[in-house]
Amino acid sequence: MNALISLHNAVFNRIANSADWVLPTLARLIFAAVLFLYYWNSALTKVGEGIMGIFKPSDGAYIQIFPKAVEAAGYDTSQLGVFHWLVALAGTWAEFILPVLIVLGLLTRLASLGMIGFIFVQSIVDITGHGLGATDIGAWFDRHASALIVDQRAFWVFLLLVLVVRGAGPLSLDRLLGRKDA
């Protein structure tokens, strides 16, 4: 019995000792595999036409971010103000920049915090602006694990919290640049 306990302790001590590099590396890999293209493609729908489109959000950006305001303006986004433009612009840029920073492992903790905030705002807009119902919103401890907001996005936030707490890990630009919080 002592041999089994010793084997157990040896195996799990090795696993625990590798957590400093395994957890953040896997978290960034999973983010890249699952969420990077989701956010990248979403950001692409918000960019206006032409080379200067990065400074002029598309109508789709306003519809996605301010659905009720756009509807109230008769779907004429030129009726929206500077505030709407700034938020749409910042949201579009955030959807491009924050995921890239996380995948590269550069300013990972700050980028992950930014993505958590982004997911929170995205969820509020989905619920209040796009009118998601109870089935899509979901609830914890309800035996259904497929709700878009409460279930799915809780895992997204948990993944990002790993990066906030652990940093980017050894295979990152943070580490390459000698940042101590990598």
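**View 1. Helices cover the buried residues of helix H6 in this predicted model.** The cover includes helix H2 (19–44), helix H3 (59–65) and helix H4 (67–72). Helix H5 (82–104), helix H8 (148–166) and helix H9 (173–176) also belong to it. Which residues of H6 are buried? Among them are Thr108, Ala111, Ser112, Met115, Ile116, Phe118 and Ile119. Further along, Gln122, Ser123, Val125, Asp126 and Gly129 are buried as well. Look at the spacing of these residues along the helix. An α-helix has 3.6 residues a turn, so residues three or four places apart point the same way.

**View 2. The length of helix H6 can be checked from end to end.** H6 has 22 residues, running over residues 108–129. At 1.5 Å a residue, the helix should span 32 Å. Its end C-alpha atoms lie 30 Å apart, which agrees. Just after H6 comes Gly131, with a positive phi of about 70°.

View 3. Are the two partners buried or exposed? Asp126 is buried, and Arg153 is buried too.

**View 4. Lys46 and Glu95 join their side chains in a salt bridge.** Here N and O are 2.8 Å apart. Lys46 lies in the loop between H2 and H3, while Glu95 lies in helix H5. The two residues are 49 residues apart in the chain. Lys46 has 5% relative accessibility, so it counts as buried. Glu95 is also buried, at 2%. The cut-off for buried is under 20%.

**View 5. Arg166 forms a salt bridge with Asp20.** Their closest N and O atoms are 2.5 Å apart. This bridge links distant parts of the chain: Arg166 in helix H8 and Asp20 in helix H2, 146 residues apart. Arg166 is partly exposed, with a relative accessible area of 30%. Asp20 counts as exposed, at 53%. The whole structure holds 3 salt bridges.

**View 6. Aromatic rings pair up, and Phe36 with Trp40 is a stacked example.** The count for the structure is 8 aromatic pairs. Phe36 and Trp40 have ring centres 5.7 Å apart, with 25° between the planes. Planes under 30 degrees apart count as stacked. Both residues belong to helix H2, 4 residues apart, about one turn of the helix. Phe36 is buried, at 18% relative accessible area. Trp40 is partly exposed, at 29%.

**View 7. Phe55 and Trp93 make an edge-to-face pair.** Their ring centres are 5.8 Å apart, and their planes stand at 80°. Phe55 is in the loop between H2 and H3, Trp93 in helix H5, 38 residues apart. Phe55 is partly exposed, at 41% relative accessibility. Trp93 is partly exposed, at 32%.

**View 8. Tyr38, Tyr39, Phe118 and Trp156 form one aromatic cluster.** Phe118 is also one of the buried residues of H6.

**View 9. Nonpolar residues make a surface patch of about 740 Å².** Which residues make the patch? They are Met1, Leu4, Ile5, Leu7, Val11, Phe12 and Ile15. Phe12 is found in helix H1 (residues 2–17). At 47% relative accessibility, Phe12 counts as partly exposed.

Note on methods: Residues numbered from 1 in each chain as written. Heavy atoms only, no water. Expected span 1.5 Å × (residues − 1). Buried < 20%, exposed > 50% of the residue type's maximum accessible area, 1.4 Å probe, protein only. Contact = heavy atoms within 4.5 Å. Phe/Tyr/Trp six-rings, centres within 6.5 Å; stacked < 30°, edge-to-face > 60°. Patch = residues over 30% accessible without salt bridge, like charges linked within 9 Å, V, L, I, M, F, W, Y side chains within 5 Å. Areas by Shrake-Rupley, 256 points an atom, 1.4 Å probe, with all protein chains shown as cover. Salt bridge = Lys/Arg side-chain N within 4 Å of Asp/Glu carboxyl O.
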